[in-house]
Amino acid sequence: MVKKIISIFLVVQLLILFTYLISYTAFINIEVAFMSAFFIIMGSSYGYRRMVDSQIEHGNYEEKRDLLDEIEDPHELYDNEPINYAPADELDLRSIVKEEKAKIKTFSVKSAKYGARGSASAFRLVPYVFLVLGFIALKNNELLSLWYYLPALTLGIVIGSVSAKELFS
């Protein structure tokens with residue numbers, strides 16, 4: 001599996017190297033764009049995988065309902081919980097309201113910590129820094145050609161997605 005990913009990466013790099021025969025501008029644009037997109041996808045996938053593994057390890061996950069069940073009963077009206085048919089004057093409304101409020105998920109510092117940790121991962125930030133600095137360097141040196149840069153970004157996204165799916169699934 002890893003050998004397959006490395007071989008795909010090396011074949012693409014060899015093809016990019018052949019663009020040097022066309023022009024240096026084409027080569028440098030394609031290389032910077034491809035590497036940026038490839039490492040952004042791989043870093044994001046790896047960071048997400050680590051975050052999910054951490055959540056599972058700490059037991060911070062919910063059981064999801066079946067898709068068919070979600071379609072038929074999106075608001076969970078027909079759950080298997082027993083229905084209390086007692087008259088209204090016999091019900092303890094305060095305890096019922098407290099139970100229902102406890103079921104509602106609110107924004108908490110704990111949930112924000114997990115979200116911020118996932119989005120601020122070094123595996124995601126470093127490739128984005130490379131993308132921005134590479135773009136600025138190409139622009140400042142008057143080498144930026146969007147005709148080469150944008151398709152190479154797409155190529156990096158596709159190859160990165162295929163590689164991440166192979167590696168992290």
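Guide: From the N terminus on, the elements of the protein chain run α-α-α-α-α-α-α. The secondary structure therefore comes to seven helices and zero strands, where helices (H or I, at least four residues) and strands (E, at least two) are DSSP runs, numbered from the N terminus. This is a predicted model, in which local features need pLDDT of at least 70 and side-chain atom pairs count only at pLDDT 80 or more, while totals for chains, interfaces and linings use all residues. Residues are numbered from 1 along each chain as its sequence is written, and side-chain values use heavy atoms, with hydrogens and water left out.

The part to be examined is helix H2, residues 24-58. Buried means under 20% relative accessible area, exposed over 50%, and partly exposed in between, with a 1.4 Å probe and protein chains only. Of the 169 residues of the protein chain, 27% count as buried. The largest nonpolar core has 22 residues, and those with the most contacts inside it are Ile16, Phe34, Phe38, Leu138 and Tyr149. The elements that give two or more residues to this core are helix H1 (2-18), helix H2 (24-58) and helix H7 (146-168). H2 gives the most, with 11 residues.

Two packed helices are described by the angle between their axes and the distance between the axes. Axes are lines fitted to C-alpha atoms, for helices over the stretch in contact, and angles run from 0 to 180 degrees between N-to-C directions. Angles under 35 degrees count as roughly parallel, over 145 as roughly antiparallel, 65 to 115 as roughly perpendicular and the rest as oblique.

Consider H1 to begin with. The axes of H1 and H2 come within 9 Å and cross at roughly 160°, which means that H1 is roughly antiparallel to H2. Contact here means heavy atoms within 4.5 Å. On the H1 side, Phe9, Val12, Gln13, Ile16 and Leu17 meet Phe27, Ile30, Glu31, Phe34, Met35 and Phe38 of H2. By class, this contact has nine nonpolar, one polar and one charged residues; Ala, Val, Leu, Ile, Met, Phe, Trp, Tyr, Cys and Pro count as nonpolar, Asp, Glu, Lys and Arg as charged, and the others, Gly among them, as polar.

Next comes helix H6, residues 122-140. The axes of H2 and H6 come within 7 Å and cross at roughly 165°, so H2 is roughly antiparallel to H6. The crossing of H2 and H6 is left-handed; a crossing is left-handed if the near helix is turned anticlockwise from the far one by less than a right angle, and right-handed if clockwise. Among the H2 residues that meet H6 are Ile28, Asn29, Val32 and Phe39, and among their partners in H6 are Phe123, Leu131 and Leu138. The residues of this contact divide into 12 nonpolar, six polar and two charged.

The loop between H6 and H7 holds Ser145. Ser145 is buried, with a relative accessible area of 15%. Leaving aside neighbours within four places in sequence, Ser145 is in contact with Thr25 and Asn29. Glu142 is found in this loop between H6 and H7 as well, but Glu142 counts as exposed at 73% relative accessibility.

There remains H7. The axes of H2 and H7 come within 7 Å and cross at roughly 30°, so H2 is roughly parallel to H7. H2 passes H7 in a right-handed crossing. The residues of this contact divide into 20 nonpolar, six polar and one charged. Not counting residues up to four places away in sequence, Tyr149 touches Asn29, Val32, Ala33, Leu131, Phe135, Leu138 and Leu144. Pro151 lies in H7 and is partly exposed, with a relative accessible area of 47%. Phe168, also in H7, counts as buried at 18% relative accessibility. Leaving aside neighbours within four places in sequence, Phe168 is in contact with Met42, Ser45, Tyr46 and Arg49. The C-alpha atoms of Phe168 and Ser45 are separated by 7.4 Å, although the two residues are 123 residues apart along the chain.

Technical notes:
Core = buried A, V, L, I, M, F, W, Y, C linked by side-chain atoms within 4.5 Å.
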